[in-house]
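Let's take a friendly walk through this protein, from its core to its charged side chains. Have a look at the model first.

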Amino acid sequence: MAGGPAETVVGSSASTLPEGRYGTGRAPTSRRWRRWLFLAIALVVSGVVAYVAYVNLGAAPIDAERVAFAGKPGNAMEITLNVTRDDNNRPGVCIVRVRDKTGAESGRKELLIPAGAKYSTITTTIRSIGAPVTADVYGCSYDIPRYLSTP
């Protein structure tokens, strides 16, 4: 056995592995395709989120605002609405309702909004099953039920 200091080769790197002992090393691969794939997926997801937000949170094509309401005899209430729409050539429908003192809906009515002006004021009376305390607009749409439309 030879004793003495271990020999090192001058100019060799300590991180180099002995050749043929551990197989071939991994070829250097470019990771740019992963970045582009992630960017494409992020853009598609962002586009879908923006579209859903626009559809659900955008301005309604037809909208109604309660202007006044007043109690009538016989468990009824009169409500006056201002209806605003983007297409005044199309008829629409608005659902109005009354509520009792517990907040439960006690009466409902569908109103046909005829084609006409962009802004309309409509007054109607809603019957209730109990003593109504307030009236409000549930919502409006251009999808008119067949039984409500005029031939």
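## Terms and model

A residue is called buried under 20% relative accessible area, exposed over 50% and partly exposed in between (1.4 Å probe, protein chains only). This is a predicted model, where local features need pLDDT of at least 70, side-chain atom pairs count only at pLDDT 80 or more, and totals for chains, interfaces and linings use all residues. Residues are numbered from 1 along each chain as its sequence is written, and side-chain values use heavy atoms, leaving out hydrogens and water.

## The nonpolar core

A nonpolar core is a set of buried Ala, Val, Leu, Ile, Met, Phe, Trp, Tyr and Cys residues joined through side-chain atoms within 4.5 Å. The largest one here has 16 residues, and Ile79, Leu81 and Val96 are among those with the most contacts inside it.

Val96 is in contact (heavy atoms within 4.5 Å) with residues including Ile79, Leu81, Leu111 and Ile126, leaving aside its neighbours within four places in sequence.

## Charged partners

Side chains of opposite charge can pair when their charged atoms come close. In a salt bridge, a side-chain nitrogen of Lys or Arg lies within 4 Å of a carboxyl oxygen of Asp or Glu. By this rule there are five.

Glu105 pairs with Arg97, their closest N and O atoms being 3.3 Å apart. Glu105 is partly exposed at 36% relative accessible area, whereas Arg97 is buried at 13%. Arg108 also forms a salt bridge with Glu105, with the closest N and O atoms 2.9 Å apart. Through shared partners, salt bridges join Arg97, Arg99, Glu105, Arg108 and Asp136 into one network.
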